Amino acid sequence: MGVVIIDGTTVRAFVSDEEQFKKSVDERFEALDLNKDGVLSRSELRKAFESMRLLETHFGVDVVTPPEQLTQLYDSIFDKFDLDSSGTVDVEEFRSEMKKILLAIADGLGSCPIQMALDDDDQNFLKQAADLEASKLPQPSS
């Protein structure tokens, strides 16, 4: 278990590093593309959001949301990602929406740092942002 401290600047720097951002988002896309057809279906994107359990908890307390309400919510999220209304989300659409989401998070954080406890093998985008920032710090000489 590790602890990272990030603020909006950390997240913006991650998004601005086009090579690192693209690599990270593309790797996540590939992991979510369960049938490896190069696009995300409605069910693949829903599984990704279900695994994050963002919509089922409120400040760490499990809440019961009616299944039809969850379906509506997941459908609206999918529609936001499906920019060309093709019924699937390609990697460009996924990258575009993830960029918007992360920049919104950066705006929300502003200059107020937050502390996050993460498993060492957790590779979410905020941890990757913190790791990128840490890699730019001068290393102590031996």
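# Reading a predicted helical chain

Modeller: Among contacts in the protein chain between residues at least 6 apart in sequence, 66% join residues at least 24 apart, where contact means heavy atoms within 4.5 Å. This is a predicted model, in which local features need pLDDT of at least 70 and side-chain atom pairs count only at pLDDT 80 or more, while totals for chains, interfaces and linings use all residues. Residues are numbered from 1 along each chain as its sequence is written, and side-chain values use heavy atoms, with hydrogens and water left out.

Biologist: How many helices and strands are there in the protein chain?

Modeller: Helices (H or I, at least four residues) and strands (E, at least two) are DSSP runs, numbered from the N terminus. Here there are 6 helices and 4 strands, and from the N terminus on they run β-α-α-α-β-β-α-α-β-α.

Biologist: Which residues of α4 are buried, and which are exposed?

Modeller: Buried means under 20% relative accessible area, exposed over 50%, and partly exposed in between, with a 1.4 Å probe and protein chains only. In α4, Leu-70, Tyr-74, Ile-77, Phe-78 and Phe-81 are buried. Seen down the axis of α4, these buried residues fall within an arc of 100°, so they line one face of the helix; the arc is that of the directions from the helix axis to the C-beta atoms. On the other side of α4, Glu-68, Gln-72 and Lys-80 are exposed.

Biologist: Which residues touch the most other members of the largest nonpolar core?

Modeller: A nonpolar core is a set of buried Ala, Val, Leu, Ile, Met, Phe, Trp, Tyr and Cys residues joined through side-chain atoms within 4.5 Å. Of the 30 residues in the largest one, Phe-14, Leu-45, Phe-81, Phe-94 and Leu-102 touch the most other members. The elements that give two or more residues to this core are β1 (2–6), α1 (8–16), α2 (18–32), α3 (42–52), α4, α5 and α6 (125–135). Leaving out residues up to four places away in sequence, Leu-45 touches Leu-40, Phe-78, Phe-81, Val-89 and Phe-94.

Biologist: How many aromatic pairs does the count come to?

Modeller: Rings of Phe, Tyr and Trp (its six-membered ring) pair if their centres lie within 6.5 Å; planes under 30 degrees apart count as stacked, over 60 as edge-to-face and the rest as tilted. The count comes to 3 aromatic pairs. Phe-14 and Phe-21 form an edge-to-face pair, 5.8 Å centre to centre with 75° between the planes, and both Phe-14 and Phe-21 are buried. Phe-29, Phe-81 and Phe-94 form one aromatic cluster.

Biologist: Is Glu-97 counted as buried or exposed?

Modeller: Glu-97, which has its place in helix α5, counts as buried because its relative accessibility is 8%. Leaving aside neighbours within four places in sequence, Glu-97 is in contact with Lys-80, Phe-81 and Leu-83.

Biologist: Which residues does the UniProt annotation "domain: EF-hand" cover?

Modeller: UniProt positions are given in the numbering used here, feature names are shortened, and annotations may be inferred rather than shown by experiment. According to the unreviewed UniProt entry, this annotation covers residues 20–55 and 69–104. In the model, the span of residues 69–104 is 75% helix and 0% strand, with its end C-alpha atoms 24 Å apart.
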